[in-house]
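Take a look at the sequence and the fold before reading on.

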Amino acid sequence: MPDLRARLFAPARDPSWGAAAALFAALLISFVAMAATGRDAVAGFGHLLSGGFGGPGPLGETALKTSILILTGLSVAVALMVGLFNIGAEGQLLWGALAAAMVGRLDVPGVLLLSLLGAALAGGAWGLIAGWLKVQRGVHEVISTILLNWIAIHLIQGWLVPGPLAAAASGAQISVAGTEAIQRAAWLPRLWPGTRLDLGFPLAISIAVAVWFLIARTRRGFEWRAVGAGHDAALAAGIPAGRRVCEGMALSGALAGIGGALLILGTEHRYPGVFRPGYGFDGIAVALVGSGSAWRQHSGNRSGHGDARTSY
């Protein structure tokens, strides 16, 4: 019996199979729960599939949500790679969204690119705070990122957006909830007429490939993984572990910030008065299903991030 238990709960040889098994188990449990409550589980799953893949419109919505989840999932995965658990992607996403909304109002050449860069900088700066607190003050990143989430929510949605950054009243003295609309040049181009599929989807895929290359094929990526696998060993090898932790958290926040920019530049076109997307929290599940890694590795440590769960 102990041998069977060890085999059942051992890490999967190929993380892709583990992710597929987790997805199948979730769908099976949902199917059984629906059937047990007297609902038509078959019809329910039919609506689920048609809502996600049943035509151009649903496909566009699926791609739209997928692009943001790719970025927030990568945000959590990059932090795991350096040995930290980033639960603050939601706050980093909100700062990125606000930065995109502010930069997107400027009537300057290249405003779309500038908006994306502004979102990355804003999210990265918010992520860097948690990294700095970890390195300099020993504050556990789970505590700091949770608190930073609520600080971001109350600062942005409780003060900045309804206060100093609110849209001016129209001629009829009717206020518009949220910030001023961004320039049309800052909108993400639509790729499929009649749908909301925009440039954000290929952009997210491209960023994922770039992150994979950075982690798996560069010296800096190797040092990040070394710090995640063993902080003390990395220090002994001459790697500035504290600096690498801060860099990893900054990149983590930048990825979540770009995810927020995709929402503003692609669909909202302003920072709305009520904006609680939740993609930052969903990204935690995405990263864990993906084994906390931006790439697959089929030799040695197959999870791709070493013992990133070891203590700092």
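How many residues has helix 11, and how far does helix 11 reach from its first C-alpha to its last? Helix 11 (residues 241-268) has 28 residues and reaches 39 Å. That is close to the 40 Å expected at 1.5 Å a residue; the expected span is 1.5 Å times one less than the number of residues. Of its 28 residues, 24 are buried, so helix 11 is largely enclosed by the rest of the structure. Buried means under 20% relative accessible area, exposed means over 50%, and partly exposed lies in between (1.4 Å probe, protein chains only). Just after helix 11, H269 takes a positive phi of about 60°.

This is a predicted model: local features need pLDDT of at least 70, side-chain atom pairs count only at pLDDT 80 or more, and totals for chains, interfaces and linings use all residues. Residues are numbered from 1 along each chain as its sequence is written, and side-chain values use heavy atoms, with hydrogens and water left out.

**The whole chain**

The protein chain has 12 helices and zero strands. Helices (H or I, at least four residues) and strands (E, at least two) are DSSP runs, numbered from the N terminus. Of the 312 residues, 44% count as buried. The accessible surface comes to about 15,700 Å², and 67% of it belongs to carbon and sulfur atoms. Accessible areas come from the Shrake-Rupley method with a 1.4 Å probe; for residues, only the protein chains shown count as cover. Among contacts (heavy atoms within 4.5 Å) with a separation of 6 or more, 73% join residues 24 or more positions apart.

A20 lies in helix 2 (residues 15-36). A20 and G290 are 270 residues apart in sequence, yet 9.8 Å apart in space, C-alpha to C-alpha.

**Salt bridges**

A search of the whole structure finds eight salt bridges. Each is a side-chain nitrogen of Lys or Arg within 4 Å of a carboxyl oxygen of Asp or Glu. R219, R220, E223, R244 and E247 are linked in a network of them. The table gives pairs from this group.

| Pair | Closest N and O atoms |
|---|---|
| E247 and R220 | 3.1 Å |
| R244 and E223 | 2.6 Å |
| R244 and E247 | 3.1 Å |

R244 lies in helix 11 and E223 in helix 9, so this pair ties together parts that are 21 residues apart in sequence. Both R244 and E223 are buried. R244 has a relative accessible area of 6%. E247 is partly exposed at 21%, and R220 is partly exposed at 35%. Being three residues apart in helix 11, R244 and E247 are separated by about one helical turn.

**One buried threonine**

T145 is found in helix 7 (residues 141-160). T145 is buried, with a relative accessible area of 1%. The side chain of T145 reaches the backbone nitrogen of I87 at 3.4 Å; a polar contact is a pair of N or O atoms within 3.5 Å, and within protein one must be able to donate a hydrogen and the other to accept it, while residues adjacent in sequence count only if both atoms are side-chain atoms. Leaving aside neighbours within four places in sequence, T145 is in contact with F85, N86, I87, G88, A130 and M249.

**A surface patch**

L49, F53, L59, L191, W192 and L199 form a nonpolar patch on the surface, with about 560 Å² of accessible area together. Patches are made of residues with over 30% relative accessible area and no salt bridge: like charges are joined within 9 Å, nonpolar side chains (Val, Leu, Ile, Met, Phe, Trp, Tyr) within 5 Å. F53 sits in helix 3 (residues 41-53) and is exposed, at 54%.
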